[in-house]
Amino acid sequence: MKKQVSIPGLAEQAQALHKSGKYKEAIKLYEKLLQTPDADLCREPLANCYVQRAIGFAAKDMYKEALALWENHTQFTQPPYEAYDQYITWVVLSNNPVNIQTSLASLSARQLDKQSPALATVLGFLMLTRHPEFEQLLAQDSVLIAHFKIVKTAVLALQNNNTEKFNQTLKQLPYRSAFRDFRILCNGIVAMSDEPNQAQELLTKIPSVSPYTQTAQILLACTKQGAELANELLQLSHQQRHLVAEIKGLNNRQLDFIAHYSRQYDQLSDKVQFNLAVQYQDLLGTEIAQSVCQILLANYPAGNTHFIKHFGEPSEFEDNRVKALRCELSNNVYDADYYWRQCLNILAADKADNNLPAALILRHMATREPEGLARTKLLEESLDYAPEDRHSYFQVIQYYSKQAASAKEYTHWLDRALEQFPQDVEVLTQAVKAATNNKTYKKASQYATKILKIDPLNTFAKQTLFSSYLAHVRRLMRENNYRLVEQEINRAEQLTLGKTYDQQTQLMRALLCFANTDKQQGLQEIINALASLHTDPVNSHFQAIMESLLNGLSVATILRELPAAKEYLLTAHELTRLMLQLKLYANDSDNWEYLYKALDDIKAPLKKSLSDQDYPEDLLLNLCQVLDSFVYFELLRHCARVAQLKWKNPVWIYYQVYADNNGEAADCDFWEVQRLENASKQAGEDKDYPTAILIDKFLGRYFEVHPERIFGVLKGLFGGITEARDDIVGDPLEELFGHLSDRVMIDLNSKAESLLKKLTPEKLTQELAQPVAEGKSLFLAMMENPEIFSALILLRAADELLIDIDTDIYDVIDAFGISANNNSTSFPF
């Protein structure tokens, strides 16, 4: 017996089918629901299903079926009907004169001008092309008809070559006219002969849904030449290609090539391209055809016989070039280099000027090399032949900028780039950065000034000059040269960088007033300037301290007048603002001592904010990076600890260990190294590669200082060597815990960190030492060797987690050699 479906169940099925686009099946269920008390609820969705089916049939050019389905939907809904403008379009495309006449005559001016702009655009297009008779059927008081009359006048002017009248007439069409795309099309046509680039720009503005799109594509193809034209023609039909050929004046041979090319386009192998070049060399020209075939020989060696037949024996240079390319295809880099060098030798022996071909070969060779010295040397050699390649200069400069020991080479190539491109903004920008890093601020200002002469709106150059002026102002303030301070502030104001920079100069004027004119007035102006710069007292205190120190003024006098900051909690926005200040001042390492003093003053509210506020992880990570940039470890430690309580990502383990050791990898203990190794592995599994690289670099520095401890990491790879381990390494923690898996160590470390918050060393030793001895003796031993504490806390973590690690307190005693014979740590048994 067929299972009955409840009315709610039927409605849910219909809605699911409707939502998934199965309109035919949904219609059947909705029609069943019409016989139920909920009939009114399903009428609208049923009507929509009919409309969606109609749209689907229209997309397949089945307009009669689409019309029937759309008309069905009107039984279940009220006007205004859905997709009415599309319905009228289908009526026109169905070519039923009676229906067309009735439908168009029923359209009001409001429908044409306000409600159905897409339909008005289509009807306007049809009146211009296939159905001028529509003009008499449509509402004569509509804006559409008024604009159509303007368009007819413009077309007549264009036919009479009256460009001026044509342009003036088209200007009468407003932006939102149904003939807007037609106006763009006409402007493109006018521009084609004299301004093909402008014509392309205009024609590409016509949207893909516009009825003028096909015409625009044909005209766009007419603006192209060579390979671009060939590729455009591939997108067109046979009839459209012939139309373009007629406009462009292409001959039958050229059309034959396009037809042949379009048939082979999807399978354009090297062989096909080679044969096309040979077959149509009368079109390409023998020289170009030969060049194309020579290039293809590298991938298509079988074409060598045909090449000799049509073009003769290749030159020695071409023979070596093809061999080099073949070697590259088979990854035979050594032989490829040999053949390229042969090419260079041939070019050098030739009396002709072959500097550019030689440079291009060297740059090609450089592309096969990974970023490094070998690649850079090839680029340098290429610049000796042809020094005009800006991109090669930038690659060389970029490489040397990353090498700490290559300052001389960096300066040399930057100077050469400046000599070659003295007006290039990007080269000058590199020069500004180099001069700033070298603290040659006068040079940096000169380069920045030069940039502004070329590009008066260049923000980077303005900021550089502004910073230079401020640095000069601070130096003059320290020297009490107040007359010149005023001049420098005026120069900074003239840069017009924006509100924040204006407020900064306002602060400098206030400091000048405090130092030279009226201390009380100056104090008030300083308070006002800081209030305009910051919304919180912490940022205000920080900048007040920094500027006082940099300008040689009394810090205490200014701070006394500012609102208290000790208990203030920074919002995320205010913390971001503080980080921007830190970055700005940290750019000059001479400011670091002042930074430390300023941060010492605000560290209380900053630490409290980090502990109490719920900042996003990215914000704290950025703060760690900023603090690390000028090696301020106290706040870095606090930030890392706060973050690790919230998030278990490997990066926080890194920052905690890094900060706890003040950035000195060599000072890490076994437990910290183990944590970092586990964190690196976890970062790799999480695909957090930047963190993995960060940790691995830090570990690399550790093992440079402690190479003997690498053995603990490699013992799993070289099992046979472990017998000699005690003689070589003697690391008790490795002996006790080195056998545990990474997963177990991660769990133990995590638990140990939580235990550290509630267990004192005394309590830990008392609990663990109960089975063997008095806790006092073990505690004394631990005080002399902190690694004993690491071992004990891991033992306790294993107990808490109920993990059998095959290590106990007796193993710890043996591993660290704690015995009654050890005078320093006498153990009572």
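Predicted model: local features only at pLDDT ≥ 70, side-chain atom pairs only at ≥ 80, totals over all residues.
Local features require pLDDT of at least 70 and side-chain atom pairs count only at pLDDT 80 or more, while totals for chains, interfaces and linings use all residues. Residues are numbered from 1 along each chain as its sequence is written, and side-chain values use heavy atoms, without hydrogens and water.

**Helices and their cover**

Helices are DSSP runs (H or I, at least four residues), numbered from the N terminus. Buried means under 20% relative accessible area, exposed means over 50%, and partly exposed lies in between (1.4 Å probe, protein chains only). Contact means heavy atoms within 4.5 Å.

Helix 14 spans residues 213-222 and is mostly covered, with seven of its 10 residues buried. These are Thr-213, Ala-216, Ile-218, Leu-219, Leu-220, Ala-221 and Cys-222. Their cover includes helix 12 (180-192), helix 13 (196-203), helix 15 (226-234) and helix 16 (238-248).

Helix 26 (residues 390-401) has 12 residues. From first C-alpha to last, helix 26 reaches 16 Å, close to the 16 Å expected at 1.5 Å a residue. The expected span is 1.5 Å times one less than the number of residues. Buried in helix 26 are Ser-392, Tyr-393, Phe-394, Gln-395, Val-396, Ile-397, Tyr-399 and Tyr-400. What covers them includes helix 24 (355-367), helix 25 (373-385), helix 27 (407-420) and helix 28 (425-437).

**A helix pair**

Helix 20 (residues 286-297) packs with helix 22 (residues 316-329) at about 40 degrees, the axes 8 Å apart. Axes are lines fitted to C-alpha atoms over the stretch in contact, and angles run from 0 to 180 degrees between N-to-C directions. The two helices are therefore oblique to each other. Angles under 35 degrees count as roughly parallel, over 145 as roughly antiparallel, 65 to 115 as roughly perpendicular, and the rest as oblique. Helix 20 contributes Gln-294, Ile-295 and Leu-297, and helix 22 contributes Glu-318, Arg-321, Val-322 and Arg-326. By class, the residues of this contact are three nonpolar, one polar and three charged. Here Ala, Val, Leu, Ile, Met, Phe, Trp, Tyr, Cys and Pro count as nonpolar, Asp, Glu, Lys and Arg as charged, and the others, Gly among them, as polar.

**Single residues**

| Residue | Relative accessible area | Class |
|---|---|---|
| Arg-796 | 16% | buried |
| Asp-518 | 33% | partly exposed |
| Asp-415 | 41% | partly exposed |
| Asp-61 | 53% | exposed |

Arg-796 sits in helix 49 (residues 786-801). Beyond its neighbours within four places in sequence, Arg-796 is in contact with Leu-755, Leu-759, Leu-764 and Glu-767.

Asp-518 occupies the loop between helix 32 (499-516) and helix 33 (519-533). A polar atom of its side chain lies 3.0 Å from the backbone nitrogen of Gln-520. Asp-518 and Leu-360 are 158 residues apart in sequence and 67 Å apart in space, C-alpha to C-alpha.

Asp-415 belongs to helix 27. Asp-415 and Ala-431 are 16 residues apart in sequence and 8.4 Å apart in space, C-alpha to C-alpha.

**Backbone exceptions**

Most residues other than glycine have a negative phi, and most peptide bonds are trans. Asp-61, not a glycine, has a positive phi of about 65 degrees. Asp-61 lies in the loop between helix 3 (39-59) and helix 4. Asn-480, also not a glycine, has a positive phi of about 60 degrees. Its place is the loop between helix 30 (459-478) and helix 31 (482-493).

Pro-79 and Pro-80 are joined by a cis peptide bond, with omega about 0 degrees. Pro-80 is in the loop between helix 4 (63-73) and helix 5 (84-93).

Definitions and conventions:
Polar contact = N/O pair within 3.5 Å; in protein donor to acceptor, adjacent residues only side chain to side chain.
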